[in-house]
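This report goes through a protein structure in short sections. Please keep the sequence and the 3D view at hand while reading.

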Amino acid sequence: MKLITNQLIIALLFSICYGCVSVNKVAFKIPVDTRSNNIQLQDRKTFFIDDLGVYASNQFDGARLNDFQKINDSTVQVIVNPENQPINKSAYYAFKVWSEKERLLYLKFQYPKGHKHRYQPKLYKDNKWELIDTVNVYKQDSIVTVKVQIEKKPLTIAAQEIQSSTDVKNWYTALIKGKEAYVHFKNFGKSALGRDLPVLDIYKGNKKEKPIIVLLTRQHPPEVTGYFAFQEFLKAILNESSLSHDFLNKYRVLAFPIMNPDGVDLGHWRHNAQGIDLNRDWSVYRQPEIRQAVKYITKQIKKDKTKIILGLDFHSTYEDVFYTNKIREKTTMPQFIESWFTALEANIPDYNVNESSANSTRPVSKGWFLYGHDAVGITYEIGDATPRERIKEIGKTSAVQMMKILNNYKPNSINYD
Ligand SMILES: [Zn+2]
């Protein structure tokens, strides 16, 4: 109890007014300065190495290639820089490469000092992504060289599968087609560079007083494996089973499929177009993406006299892991995490939940759900290299088991005080 009391000291709420919506700011133990920083834009162009007859391009959404230089007759230097620094170590790259004549080419990656190769390189071939065979990936210390066969037709090479803001839009547009009666699509705002910020507001029947589950993803642009889990999670909620029908009659889901569209399309390693890690801005909301999301969520809660009970924020890291809050008793569903994790282990073959529990000290969404809403907040992390079919299984089963658990919660067993 003493621990909880100590933690609550940092959970002071103070209110500010955006337009007509009064929004609570949430104080954290370790504040983070999220005032905008300059970023270095890539020079969007086609690079050409004359005497090798080799081209490369970064002229597409999600691309990241800062320079492309000849080393010798068989090898080129692929220079990749982040949008600004300091930044966490997620060296993301994506570019197209081709040649006048069919040939072999060695691509030697170069990142700024202190940044290592993180992502297993992938190729986009025959309309699908595949890992570059490890026999063609050479590592010497932290320097990585990749051997590829190239030709006239451009070959896309990327750190992770490219999922641009257009790809995300195409995905959710197809997903919600024919479900307009209960999936309400809206752009809740604009990013710093004017890209749409979409939300899917999902419920059946009357939305008044329905407890809310918030789903977030792509605050961090390269974290597409978390996005893949988000996709499967949402698909399961919208699969029109009787489980999903009962769930959506009882609960409401606010799903945010792309929180940082500028960063995604600019090929950023982590930040938004104003050089800020959005998942450190859940305190005073200096960045437009977070400010407008918080305003939108707050408005729904007030208008429909309800509250958030659960927030899941989908990310990627080196391994599958759920980051949870230690504080449970004061949340709306003190037993949820334990029940959910038990159900995941019982329903996903050969699966052990990897949980890492700590109360958020910095302004991340997980802490915002807890301190700002007494809701269960979880950062749902998928490994960078988790097999894609496995992600589908985990994403789907985690949604199904969440719905089962929530469907069995008696309304009066949700602690609203
Ligand atoms: Zn992340």
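## Aromatic rings

Phe48 counts as partly exposed, at 39% relative accessibility; buried means under 20% relative accessible area, exposed over 50%, and partly exposed in between, with a 1.4 Å probe and protein chains only. Phe48 forms a stacked aromatic pair with Tyr55, with 4.4 Å from centre to centre and 20° between the planes. Rings of Phe, Tyr and Trp (its six-membered ring) pair if their centres lie within 6.5 Å; planes under 30 degrees apart are stacked, those over 60 edge-to-face, and the rest tilted. By this rule the count is 31 aromatic pairs.

Another of these pairs is edge-to-face: Trp171 and Tyr227, at 5.9 Å centre to centre and 80° between the planes. Trp171 belongs to helix α2 (residues 165-176) and Tyr227 to helix α3, so the pair links distant parts of the chain, 56 residues apart. Both Trp171 and Tyr227 are buried. Ring pairs also join them into a cluster, whose members include Phe228, Phe314, Trp340 and Tyr380. Helices (H or I, at least four residues) and strands (E, at least two) are DSSP runs, numbered from the N terminus.

## Basis of the model

The model is predicted: local features need pLDDT of at least 70 and side-chain atom pairs pLDDT 80 or more, while totals for chains, interfaces and linings use all residues. Residues are numbered from 1 along each chain as its sequence is written, and side-chain values use heavy atoms, with hydrogens and water left out.

## Charges over rings

Arg118 lies over the face of Tyr318, 4.5 Å from the ring centre. Lys204 has its charged end over the ring of Tyr182, at 4.4 Å from the centre. A charge sits over a ring if NZ of Lys or CZ of Arg is within 6 Å of the ring centre and within 35 degrees of the ring normal.

## The zinc site

Which atoms coordinate the zinc ion? They are ND1 of His220, two OE atoms of Glu223 and ND1 of His315, at 2.1 to 2.5 Å. Donors are N, O and S atoms within 2.8 Å of the metal (3.2 Å for Na, K and Ca), and sites may look incomplete because water is not among the atoms. Along the chain the donors follow the spacing H-x2-E-x91-H. Glu223 lies in the loop between β16 and α3 and His315 in strand β18 (residues 308-317), 92 residues apart. Both Glu223 and His315 are buried.

## An open sheet

Five strands form an open sheet in the order β5-β6-β8-β12-β11, with mixed pairing; two strands pair if DSSP finds at least two bridges between them. β5 (67-70) and β11 (137-140) stand at the edges with a single partner strand each, so one side of each has no neighbour in the sheet. β11 and β12 (residues 143-150) run antiparallel and are joined by four bridges. Within this pair, Lys139 stands opposite Val144 in β12.

## Backbone exceptions

Most residues other than glycine have a negative phi, and most peptide bonds are trans. A cis peptide bond joins Gln85 and Pro86, with omega about 0°. Pro86 lies in the loop between β6 (75-79) and β7 (94-99).

Asp126 has a positive phi of about 50° and lies in the loop between β9 (122-125) and β10 (128-131). Arg218 has a positive phi of about 55° and lies in the loop between β16 (212-217) and α3 (224-237). Asp126 is exposed, with a relative accessible area of 64%, whereas Arg218 is buried, at 3%.
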